[in-house]
Amino acid sequence: MRRPKTFSLLKALGLALLAGLVAGCQSSGNVSSPNSSETVPAERALALPPPGGPSIVSVVEHKRGNGTEQMISLYTSSSVSGQNFLKVQFLGASGANPGIGSASYQMISENGIIREAFAAVPGVQMARSTTYLQNSYGPFSYASGESGSGDTCIYGWQQIRSSRSAHTQARNFGMIQVRLRLCDARATERQLLGIMYGYTIVGTLNGEIWNPFGFPHGADPTLGRPGNPIYPDEGGYRNTPMAFGYEPARPEIQSRVVRVRSVQPKAEEAPLQLPPPTGPRVPLPDGASGQPQPDMSAAPSNEQTQQKTVTASGVTVPLPECIGDSAMTAACQR
């Protein structure tokens, strides 16, 4: 006796439901991140700013199926919204990393890069530079602008990839994309542009097939070739012909000049002026006097001469006639 089809269908649904319940009971219930972004130490950055800064604040790494991308945040001193950063993207073979999705493998377009610049530096009118520039990794370009508060901003971009002539069947297919966003309140445009010349790529793509730099450059063809002298100048070449032979310079005879220090004669000291004597003049015992002799016509009378002379100190000095035996006379006793 055949069983109805509805019975078979219900049995199959029941078994499926039972299997689902059993599987749900056996799951661990762990939470997993839907992407592969993680913060890594600054020592694991794939590109470094030049010595002297700006310093690295943090590095966020995102692995993809065909490469690795890092957002390297840099120190920011600006009133413009946003964070300074150095972004590098290494693109290689599909499935190289266990990341989710794959990055676009396309060249830089004019319209796309301008949109990137305005998005990275909001509120600042950016103007693209038309000057051809080149650093150690090849050509690059940038856009610059100034904010309303006077901050200078640049957005630089570079694509490092070997030339089409270097592409072979088994090498030189890798590519590195670089973006730089810098805003500073005190730096000039030329100072910020120096970061594009001084940054260093330290990451690599494994395997020659993904080499983004192409074939290494050979030596200068003039090395070792006759007829091409190399001089000790910058670059090894001279713009002007180098003179051959020389005449030694004659030694210069320098006479020694002795400088005599002039001595100024001292000014003659004026004689010490003594104040004029005060009080009466006292004659010396021998008749000499240190003072000028008075005029005899104006000499006092004998009575006045015979009188005793008193000094300012009150000491009585006898007259010359009253010395010796004549001291007992009546005139001297007065």
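The second largest pocket has a volume of about 580 Å³, where a pocket is an open set of points on a 1 Å grid over the protein atoms alone at which a 1.4 Å probe fits, with protein on both sides within 12 Å along at least five of seven lines, and a volume is the space filled by probe spheres set on the points, joined across faces, edges and corners. The model is predicted, so that local features need pLDDT of at least 70 and side-chain atom pairs count only at pLDDT 80 or more, whereas totals for chains, interfaces and linings use all residues. Residues are numbered from 1 along each chain as its sequence is written, and side-chain values use heavy atoms, with hydrogens and water left out.

The lining of this pocket (residues with an atom within 4 Å of a point) comprises 30 residues, and Tyr137, Gly138, Pro139, Gln159 and Arg161 lie nearest the centre. Two or more lining residues come from each of α2 (110-120), β8 (138-146) and β9 (152-161), these elements being DSSP runs numbered from the N terminus, with helices (H or I) of at least four residues and strands (E) of at least two. The most is given by β9, with 5 residues. By class, the lining of the second largest pocket divides into 14 nonpolar, 13 polar and 3 charged residues, with Ala, Val, Leu, Ile, Met, Phe, Trp, Tyr, Cys and Pro taken as nonpolar, Asp, Glu, Lys and Arg as charged, and the others, Gly among them, as polar.

Beyond neighbours within four places in sequence, leucine 180 is in contact (heavy atoms within 4.5 Å) with residues including Leu74, Phe85, Ile154, Tyr155 and Ile195.

Tyrosine 155 and tryptophan 157 are both buried, that is, under 20% relative accessible area with a 1.4 Å probe and protein chains only, against over 50% for exposed and partly exposed in between.

Serine 79, in the loop between β4 and β5, is exposed, with a relative accessible area of 53%. Leaving aside neighbours within four places in sequence, serine 79 is in contact with Ser149 and Asp151, and the C-alpha atoms of serine 79 and glycine 150, 71 residues apart along the chain, are separated by 9.2 Å.
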